[in-house]
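Open the model in a viewer and follow the stops below in order. Each stop says what to select and what is there.

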Amino acid sequence: MSEQYIKTAVHRGLHIHSLVTVHYFEYAKNYRFDGEAHPFWELVYVDKGELDATSGETVHHLSQGDILFHKPNEFHSLRANGVKAPNLVVIAFDSDSDAMRIFEDALFKAGEAERELFAGIIAEATDAFSSPLDDPATVKLERAEESVFAAEQMLVLLLEQLLIRLARRQEHTPTVRISSSIKLRLDHDLVDRIIAFMQENTCGNLTFSDVCRFSAQSATNLKTIFKNVTGVGVMSYYRTLKINEAKRMLREGDDNITQIADRLGYTSVHYFSRYFKRATGMTPSEYTLSIQAKI
């Protein structure tokens, strides 16, 4: 009976052969990289802020959500615009798939699905490798002594999924989407509105009751919906937004630490410094010095 079955070899339209580097950078507003060329692919994703990127003779003005590809042996450089400090995901990899021609001189805008894939890639890279993701001098990924099972493989699968999604979009190929329930869409819409509300109020002191009133939800419903969508609690997410805003201000350097603490609504600079260190592992001064060392 088993002789009747015929195995079908899986055709892989796009394949990543090897990783070179995976980075997540938080740069100052005056960051500058004079450029290089190398025999493998590189993609740059602007997670936050703005950036000018050169590909050959072309200058791209990138903003949050932009994804730019550099083909092998193409000279490229980066320069922050002096106004908004950029956070970047930079991934270098090797692929000889014919489909990679789609990405030559290609610029994309990330949607929600792509943003989630980038978050997954960074999470898997953190689990797979001991190399610091923010070290621009890294030339080889060092494997972690105790990595999460199949973290490298998962990273590559997520990267391939990202590339396939972008390739389908570039070729205008209809993508089959799994329909979600109306409630799930409504929950995501609600959480998006709540996050936007919290982002608008990072320079303040929102309470959980404030967020409940804004969302028109009971405390129990809000906790459940927000945790299901984001994986964290409401106020934990808000505190992270405030720290990220503090890091941006420190990188841009327009205000000193005392002024930043005051602008973000902390009761004192000492409380701000303690909480910043608890969240990042560094004091605000140490974080500023680490950024300046990368310039």
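Select Ala216, which is exposed, with a relative accessible area of 67% (exposed is over 50%, buried under 20%, partly exposed in between, with a 1.4 Å probe and protein chains only). This is a predicted model, in which local features need pLDDT of at least 70 and side-chain atom pairs count only at pLDDT 80 or more, while totals for chains, interfaces and linings use all residues. Residues are numbered from 1 along each chain as its sequence is written, and side-chain values use heavy atoms, leaving out hydrogens and water.

Ala216 sits in the loop between α4 (208–215) and α5 (219–230) (helices are DSSP runs of H or I with at least four residues, numbered from the N terminus). Although not a glycine, Ala216 has a positive phi of about 60°. Most residues other than glycine have a negative phi.

Next, select Ala150, in the loop between α1 (112–128) and α2 (151–170). Ala150 also has a positive phi of about 60°, and counts as partly exposed at 30% relative accessibility.

**Two helices**

Now select α6 (residues 234–252) and α8 (residues 269–280). Their axes, which are lines fitted to C-alpha atoms over the stretch in contact, come within 11 Å and cross at roughly 100° (angles run from 0 to 180 degrees between N-to-C directions). That makes α6 roughly perpendicular to α8 (65 to 115 degrees). Show the side chains in contact (heavy atoms within 4.5 Å): among them are Arg239 and Ile243 of α6 and Phe272 and Tyr275 of α8.

How values were computed. Parallel < 35°, antiparallel > 145°, perpendicular 65-115°, else oblique.
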